[in-house]
Amino acid sequence: MSADCPFCGIVAGEIPGRIVHETDTVTAFLDANPLAPGHTLVVPNDHHERLDDLSEDLASDVFAALHRLTPAVEAAVDADATTVAFNNGSAAGQEVPHVHGHVIPRFEGDGGAPIHVVAGDRPDLADDDLDRIADDVRDSQ
């Protein structure tokens, strides 16, 4: 736990939260500043800042909760679809440095956009660039 982390505070019961799912390793609660009705956050109970800080088992637990909650959130608010996403690091827009997955209900005509607009202008990459990046990703695992 991190003393100054609001998500740790919610998991510990020190900060009020609308908990919708709880296990020994993962907690999910409604976002206090929702982008849509039913916007839910899924967090590991222990404080981890970035996805690569999670063990594979804990990452599996987080994804299992996302998998279970996504249809439940859609049903609860009669959503047409959902956007499920992580902001991983402050440069990606992560405002609370505690891993959290978003389940954001989406509705036809809601004015939202595909996830591709998040990063701004698309880079102009040649095939050689793409090949090099793919090689670097494979080599970094």
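Two strands count as paired if DSSP finds at least two bridges between them. Helices (H or I, at least four residues) and strands (E, at least two) are DSSP runs, numbered from the N terminus. What you're looking at is a predicted model, where local features need pLDDT of at least 70, side-chain atom pairs count only at pLDDT 80 or more, and totals for chains, interfaces and linings use all residues. Residues are numbered from 1 along each chain as its sequence is written, and side-chain values use heavy atoms, with hydrogens and water left out.

**Strands**
- Strand 1 (residues 19-22) and strand 2 run antiparallel, joined by three bridges.
- A hairpin of three residues links strand 1 to strand 2.
- Glu22 has Thr27 in strand 2 as its bridge partner.
- On to strand 3 (residues 40-44): five bridges tie it to strand 2, again antiparallel.
- Ala28 sits opposite Val42 of strand 3.
- Four of the five residues in strand 2 are buried, so the strand is largely enclosed by the rest of the structure. Here buried means under 20% relative accessible area, exposed means over 50%, and partly exposed is in between (1.4 Å probe, protein chains only).

**Cores**
- A nonpolar core is a set of buried Ala, Val, Leu, Ile, Met, Phe, Trp, Tyr and Cys residues joined through side-chain atoms within 4.5 Å.
- The largest one has twelve residues, including Val26, Ala28, Val42, Leu54, Leu66 and Val99.
- Strand 2 (26-30) and helix 2 (56-77) are the elements that each give two or more residues to this core.
- Helix 2 supplies the largest share, six residues.
- Apart from this core there's another, of nine residues, with Cys8, Val11, Phe29 and Leu41 among them.

**Around Val99 and Asp52**
- Not counting residues up to four places away in sequence, Val99 touches a list of residues that includes Val42, Pro44, His48, Arg50, Leu54 and Phe86; contact means heavy atoms within 4.5 Å.
- Asp52 is in the loop between strand 3 and helix 2, and is exposed, at 59% relative accessible area.
- Asp52 and Val99 are 47 residues apart along the chain, with 9.5 Å between their C-alpha atoms.

**Surface patch**
- Leu125, Leu130, Ile133 and Val137 make a nonpolar surface patch of about 310 Å².
- Patches are built from residues with over 30% relative accessible area and no salt bridge, joining like charges within 9 Å and nonpolar side chains (Val, Leu, Ile, Met, Phe, Trp, Tyr) within 5 Å.
- A salt bridge is a side-chain nitrogen of Lys or Arg within 4 Å of a carboxyl oxygen of Asp or Glu.
- Accessible areas come from the Shrake-Rupley method with a 1.4 Å probe; for residues, only the protein chains shown count as cover.
- Leu130 belongs to helix 3 (residues 127-139) and is partly exposed, with a relative accessible area of 43%.
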